[in-house]
Number of protein chains: 2
Amino acid sequence: MPSSNSIRDHAGQGATTVAAHRARRRLRADQARQLADLLRHQLLAGGFPDGTLPHETALATDYRASRNTVRQALDLLRAEGLVDRLPGVGTVVVAQKYPHGLDRLMGLAETLREHGRVTNEVRTMGPAPAPAPVAERLHVQPGTDVLYIERLRRLNGLPLSLDLTYIPLDIGTALLGADLENTDVFRLLETITGKRLGHAEITLEAVNADTHSAAVLQAPHGAAVLMLERLTHLSDGRPVDLEFIRFRGDRITMSGLLHRSL
Amino acid sequence: MPSSNSIRDHAGQGATTVAAHRARRRLRADQARQLADLLRHQLLAGGFPDGTLPHETALATDYRASRNTVRQALDLLRAEGLVDRLPGVGTVVVAQKYPHGLDRLMGLAETLREHGRVTNEVRTMGPAPAPAPVAERLHVQPGTDVLYIERLRRLNGLPLSLDLTYIPLDIGTALLGADLENTDVFRLLETITGKRLGHAEITLEAVNADTHSAAVLQAPHGAAVLMLERLTHLSDGRPVDLEFIRFRGDRITMSGLLHRSL
């Protein structure tokens with residue numbers, strides 16, 4: 001096939017060249033995404049233990065990709081805040097995502113125990129009348145006071161999540177004097193009620209953080225957050241804890257096992 | 001407490017007033033987020049069956065919030081693309097999120113069956129040498145050809161997800177002639193192998209879509225996507241399907257049950 005660099009020479013031929021150029025760009029973007037996904041997995045799985053990614057040339061060979069594709073893939077990971085380029089060093093891992101278990105109902109401190117210390121900044125706490133949708137889910141009369149808690153949760157000092165929590169007041173009152181700064185609400189609920197938690201209905205979404213939530217989480221404007229809505233029941237079935245949790249997308253992953261048959 | 005409107009009169013008093021004003025703004029933003037989360041739940045749970053939210057005054061009464069807080073909460077939902085304001089009508093629901101089951105391993109068409117028809121645009125399909133991290137997870141030799149498939153998946157014509165899929169070639173070859181446009185890979189895998197799928201290891205993340213992925217998904221630049229990485233095994237344990245899936249955050253939720261004890 002004859003090649004053509006002469007966009008100016010001939011309108012039809014020029015259009016073809018522009019189209020071919022666009023197609024190449026699209027293809028490279030597709031390939032960069034494909035490579036970025038593989039590298040992201042390696043990165044999250046601790047596949048670069050010394051914190052440095054292989055040189056671009058090595059990546060190009062390993063993944064049978066062009067240098068340009070490799071660079072573009074690394075740019076994608078950099079835009080996600082996972083890696084950075086250091087002159088003279090190469091591409092280094094700058095962020096870690098922590099795995100939140102999806103298989104068992106666990107509090108944040110429990111699930112992240114091996115990764116460090118979870119502390120909670122209580123931004124708001126107090127009784128407030130339950131709006132209808134809260135009352136309905138917690139099985140209390142609408143307008144009855146429930147305990148409302150708002151916490152910014154940190155792992156080793158870094159903001160991880162912003163949690164809004166509603167708890168029936170007969171249980172919630174005992175939480176008012178508890179060490180919420182250092183203890184999961186789950187553990188406190190089990191201590192207060194003397195019962196184990198049973199199950200929770202959860203819903204996960206990805207949303208762009210609004211300006212105010214992003215500021216609280218110290219995340220960039222519009223940052224992707226993993227939103228978790230969770231209604232937790234005691235082992236006797238009573239709903240006791242309704243939560244709306246915004247996890248920073250760049251700091252948390254949720255992992256679990258699914259089975260084909262129940 | 002005496003009120004002060006005189007920021008200009010007295011520097012100290014002015015600073016106090018500015019601080020008080022900031023505190024009020026922060027408080028209102030917190031309350032707006034709290035209200036928005038409750039309305040979002042209602043909205044996703046089909047709590048507004050006629051597609052219209054109650055009037056701002058009614059919401060203010062129901063949720064004991066100020067009109068300004070209600071407006072700000074509705075602005076948050078509007079920014080997420082869930083509602084819109086129509087002059088003379090009020091606030092209407094403009095987007096639906098579809099619930100993807102998290103309790104059982106299911107293909108997209110299976111899990112969304114009651115919501116409409118899933119179609120798949122195959123963007124790329126063909127054998128390609130398996131990079132090391134793919135080979136390792138699919139239990140094939142690195143560099144061995146695997147089938148690579150890239151699909152844009154739609155529900156009732158609307159883009160839902162962009163899926164990158166790797167399948168061992170001994171199974172993948174039979175997929176080349178299959179009706180991928182209208183059939184879940186899961187179903188095809190079970191037909192081809194004559195075996196049921198067993199389990200899958202999944203990881204969920206929230207990420208901001210890169211420019212190219214956003215364009216393919218017809219989502220705004222930087223839109224939050226729910227990223228699902230899934231390694232699916234046959235019932236005999238063999239890994240047969242490695243996928244990297246980007247769901248549009250504004251179209252999909254993942255719901256399931258968690259238990260405290262396994």
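Here are legends for a handful of close-ups of this predicted model.

**Figure 1. Chain A as a whole.** Chain A is built from eight helices and 10 strands. Its C-alpha trace spans about 80 × 45 × 45 Å along the principal axes. For 262 residues, a compact globule would come out with a radius of gyration near 18 Å, whereas chain A has 25 Å. Of those 262 residues, 52% count as buried. If you take the contacts between residues at least 6 apart in sequence, 60% of them join residues at least 24 apart. The chain exposes about 11,800 Å², with carbon and sulfur atoms supplying 51% of that area.

Figure 2. Look for Glu121(A) in strand β4 of chain A, which covers residues 118–129. Glu121(A) counts as partly exposed because its relative accessibility is 33%, and that class sits between the 20% and 50% cut-offs. Leaving aside residues up to four places away in sequence, Glu121(A) touches Glu150(A), Arg151(A), Leu152(A) and Arg154(A). With Arg154(A) there's also a side chain to side chain polar contact, at 3.0 Å. Pro159(A) is 38 residues away from Glu121(A) along the chain, yet their C-alpha atoms are separated by 9.8 Å.

**Figure 3. Strand β5 of chain B and its two partners.** On the β4(B) side (residues 118–129), the pairing is antiparallel and has 11 bridges. One detail to pick out there is Pro129(B), whose bridge partner in β5(B) is Asp145(B). Strand β6(B), residues 158–168, also runs antiparallel to β5(B), and 10 bridges join the two.

**Figure 4. The β5–β6 hairpin of chain B.** Zooming in on the turn, β5(B) and β6(B) form a hairpin with two residues between them. Asn156(B) is in that turn and has a positive phi of about 50°. For the pairing itself, check Arg154(B), whose bridge partner in β6(B) is Pro159(B).

**Figure 5. Helix α7 of chain B and the residue after it.** Helix α7(B) runs over residues 185–193, and its buried residues are Val185(B), Phe186(B), Leu188(B), Leu189(B) and Glu190(B). As a reminder for reading this view, an α-helix has 3.6 residues a turn, so residues three or four places apart point the same way. Just past the end of α7(B) comes Gly194(B), with a positive phi of about 70°.

Note on methods
Residues are numbered from 1 along each chain as its sequence is written. Chains are lettered from A and ligands numbered from 1 in the order in which they are written. Side-chain values use heavy atoms; hydrogens and water are left out. Helices (H or I, at least four residues) and strands (E, at least two) are DSSP runs, numbered from the N terminus. Buried means under 20% relative accessible area, exposed over 50%, partly exposed in between (1.4 Å probe, protein chains only). Contact means heavy atoms within 4.5 Å. A polar contact is a pair of N or O atoms within 3.5 Å; within protein, one must be able to donate a hydrogen and the other to accept it, and residues adjacent in sequence count only if both atoms are side-chain atoms. Two strands pair if DSSP finds at least two bridges between them. The radius of gyration is taken over C-alpha atoms; the globule rule is 2.2 Å times the number of residues to the power 0.38. Accessible areas come from the Shrake-Rupley method with a 1.4 Å probe; for residues, only the protein chains shown count as cover.
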